[in-house]
Every structure is written in structure tokens, then in C-alpha cells.
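Here are some notes for a first look at this structure. Please keep the sequence and the view open while reading.

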Amino acid sequence: AMAAEEEEAPVPPQKRFYRQRAHSNPLADHTLRYPPRPQDMDWASLFPTFFPPDAPPGTPPARVEFADVGCGYGGLLVALAERFPQTLALGLELRGKVAAFTRARIRALRAAQPGRFGNVACVRGNAMKHL
């Protein structure tokens, strides 16, 4: 019999349930929310292991050093996570279903390999919106 924690672990997502057209109009008025200022971004929700709530005062926050614009299904993010485990990498993907797949993929990897893949995350965003 499987332990309860193994039964609850997320299973890797399957791309066939997340298919979406390859093109999404970056000029369309998507209902995406952006923080008004960079310091208003909630990085702890994306990288909880790098932003512990009990961090000593004065500890400099971790910074995202890799940005994968148009990250798609997250192949580069996963490779970066393994190659640079102490470096934060953020994927930006405009297509909603594809971003959802990548987030599910990262959740499944984190659950299957505790202590790994905490340095990558994906958000749905339009990199061209505020150029």
C-alpha cells in the first residue's frame, strides 16, 4: 500500500490537456495583473524556499537572475533549475494553458524531488505590454 503522502503528490501534467494555439496576440488587452512597482512583487509565493518567513532581519532577498521570456512548456527552466540550483529563474508565458502546464510541471517536480526545483517558477505575463 502506498503512503498517504505518495498518493497526494501531484502527477506530472500531460501536454495533450494543455494544448493552445502557438500564437497569442501580445497587443490584445489581456486581463493580467501586474504589480505597480517591482518591490510589490510577491516573490515568496513563487520561490518559498528562497524567501522563508523566518529569515533574519537585514537578510538581502534573493533575486531572479534568469528570465525566460516565452518559456513555453518549461524545458529551459527545468534545465536551468538543475544546472544552477541556487539561482532563481522566472518563466514568462502569455498563453494561459501553456503557463498552467509549466506551473503544474514545476509543482510535480518539486513534489517528486523535495529540495529541488524550488528555484524556478512561471507566471502568465505579457513581456511586451509595458515596453
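1. A word on terms first. Two residues are in contact when they have heavy atoms within 4.5 Å. The model is predicted.

2. Start with the fold. The chain has four helices and three strands. Along the sequence they follow the pattern α-α-β-α-β-α-β. Take the contacts between residues at least 6 apart in sequence: 72% of them join residues at least 24 apart.

3. Next, burial and surface. The chain has 131 residues, and 31% of them count as buried. Its accessible surface comes to about 9000 Å². Carbon and sulfur atoms account for 56% of that surface.

4. Now look at asparagine 119. It sits in the loop between helix 4 (96-112) and strand 3. Is asparagine 119 buried or exposed? Its relative accessible area is 2%. Buried means under 20%, so asparagine 119 counts as buried.

5. Residues up to four places away in sequence set aside, asparagine 119 touches a run of residues: Leu80, Ala81, Phe84, Pro85, Gln86, Thr87, Leu88 and Ala89 are among them. Phe47 and Phe50 are also on the list.

6. Asparagine 119 turns up again at a pocket. The second largest pocket holds about 200 Å³ of space. It is lined by 13 residues. Nearest its centre lie Gly115, Arg116, Phe117, Gly118 and Asn119. The lining divides into five nonpolar, five polar and three charged residues.

7. The largest pocket comes next. It holds about 570 Å³ of space. Its lining counts 22 residues, and Tyr34, Pro35, Met41, Leu90 and Leu92 are the closest to its centre. Which elements give two or more residues to this lining? They are strand 1 (64-69), strand 2 (88-93) and strand 3 (120-124). Strand 1 gives the most, with four residues.

8. Last, the make-up of that lining. The largest pocket has 14 nonpolar residues, three polar ones and five charged ones around it.

Technical notes
Residues numbered from 1 in each chain as written. Predicted model: local features only at pLDDT ≥ 70, side-chain atom pairs only at ≥ 80, totals over all residues. Heavy atoms only, no water. 1 Å grid on protein atoms, 1.4 Å probe; cavity = no way out; pocket = protein on both sides within 12 Å on 5 of 7 lines; lining within 4 Å. Points joined across faces, edges and corners; volume = space filled by probe spheres on them. Nonpolar A, V, L, I, M, F, W, Y, C, P; charged D, E, K, R; others polar. Buried < 20%, exposed > 50% of the residue type's maximum accessible area, 1.4 Å probe, protein only. Areas by Shrake-Rupley, 256 points an atom, 1.4 Å probe, with all protein chains shown as cover.
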